[in-house]
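Hi,

Here is the structure I said I would pass on.

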Amino acid sequence: MKKDNIRDRILVFLKTLPPVVSVKAYGSSIAYQAGYSENEKKQVDLIVIVDDIKNFYMENLQKNPYMYDLIPRIYFKNAKEKGLRKHAGICYTTNIDYGIDTYKMGVIEKRDVLEDLLEWKTFYIAGRFQKEMFTAIEDEDIEKANEINKKNALTVALLLLDKENPTLSDLYEKICSLSYMGDSRKNFKAEDPNKIKKLASGSREHFDREYRDKTDLFEVGDNEVIKIDKEKLYSRIKFLPTKLYEEIKENTNGDVHNIEVVRDTISSYLTRIIKKSSNGQTRKGILTTGPKNSFTYALAKLKKGRKKG
């Protein structure tokens, strides 16, 4: 599946939807992952960002009823905005067949995207936006917020690196791993156990461009070993999302040089918020995709995870 072709087809698909603010595509259809054939058909994962999630669904139910089974149709028609924005704020619909592609479409309001990118409320959006994505429709506010998100991801990943001589590959794998802390799918082996390494190596150009080339927190030496400027790194901690920074200050008694406590705090914080949002989204998915599609999707992920393992 060539990237240029799939990106063109995504743009055609988006023309069938109600008005949106921004759209991001992610996953193996967009970013190369080792172990996948270029000719293998892959699901196209979309995050569709809107101003009003309830209005979007009411209009899309009229425009594209084929996307929804009976239970999701009833749910989206009757759900309040507060219910649609629960947990990570995103509602997924799977198994959307359009042309030769199959889409998984998550819909979320712009305000919830901005909050997660800047404050890491659930890390559900923030973690995905730290990796390689295709921006089909761009929004300036979201792009600016994501630059801050990626800076914070780099800071946290550098703080968590505990190898004596870490390499660029170690750093990129650490960034990829952040969004899987506390993810309920790992407990059921519903993800490829080698996925983090594949993501990091397959998106090497992206990580070089977005992380290595935009920072002065480290230098790259022989064999791609990175030398971290620890004082600059510690000075970046105060710019982390507010609640995380407050927990670090409290747990270290204000001494951010206490790296072991800093690492424990970061790991605990991310695991806690990701576990909560991941579990909530799993339950919510039964309503937004329907029991049959939820089971089919979960079974496919489980089979793929165990096969790759």
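A quick word on the ground rules. This is a predicted model, where local features need pLDDT of at least 70 and side-chain atom pairs count only at pLDDT 80 or more, while totals for chains, interfaces and linings use all residues. Residues are numbered from 1 along each chain as its sequence is written, and side-chain values use heavy atoms, with hydrogens and water left out.

The chain has 15 helices and seven strands (DSSP runs numbered from the N terminus: H or I of at least four residues for helices, E of at least two for strands). Of its 309 residues, 52% count as buried (under 20% relative accessible area; exposed is over 50% and partly exposed is in between, with a 1.4 Å probe and protein chains only). Taking contacts (heavy atoms within 4.5 Å) with a separation of 6 or more, 71% are between residues 24 or more positions apart.

Now the rings. There are 11 aromatic pairs, meaning rings of Phe, Tyr or Trp (its six-membered ring) with centres within 6.5 Å; planes under 30 degrees apart are stacked, over 60 edge-to-face, and the rest tilted. Tyr92 and Tyr124 make a tilted pair, because their centres are 6.4 Å apart and their planes are at 55°. This pair links distant parts of the chain, with Tyr92 in strand β3 and Tyr124 in helix α6, 32 residues apart. Tyr92 is buried at 7% relative accessibility, and Tyr124 is buried at 13%.

Both of those rings also have a charge over them (NZ of Lys or CZ of Arg within 6 Å of the ring centre and within 35 degrees of the ring normal). Lys104 has its charged end over Tyr92, 4.5 Å from the ring centre, and Arg128 lies over the face of Tyr124 at 4.0 Å.

Tyr172 and Phe207 are a stacked pair, since their centres are 5.2 Å apart and their planes are at 20°. Here too distant parts of the chain are linked: Tyr172 is in helix α8 and Phe207 in helix α11, 35 residues apart. Tyr172 is buried at 1%, and Phe207 is buried at 0%.

Cys176 is in helix α8 as well, and is buried with a relative accessible area of 0%. Leaving out residues up to four places away in sequence, Cys176 touches Lys131, Ile196, Leu199, Ala200 and Phe207.

There is also one aromatic cluster made of Phe56, Tyr57, Tyr68, Tyr75 and Phe76. Tyr75 and Phe76 turn up again where α3 meets α14, along with Ile71 and Pro72 of α3, and with Lys284, Ile286, Leu287, Thr288 and Thr289 on the α14 side. The two helices pack at about 100° with axes 6 Å apart (axes are lines fitted to C-alpha atoms over the stretch in contact, and angles run from 0 to 180 degrees between N-to-C directions).

Last one: Arg73 is in helix α3 and is partly exposed, at 35% relative accessible area. Arg73 touches Leu61, Pro65 and Tyr68, again not counting residues up to four places away in sequence. The C-alpha atoms of Arg73 and Thr289 are 9.2 Å apart, although 216 residues separate them along the chain.

Cheers
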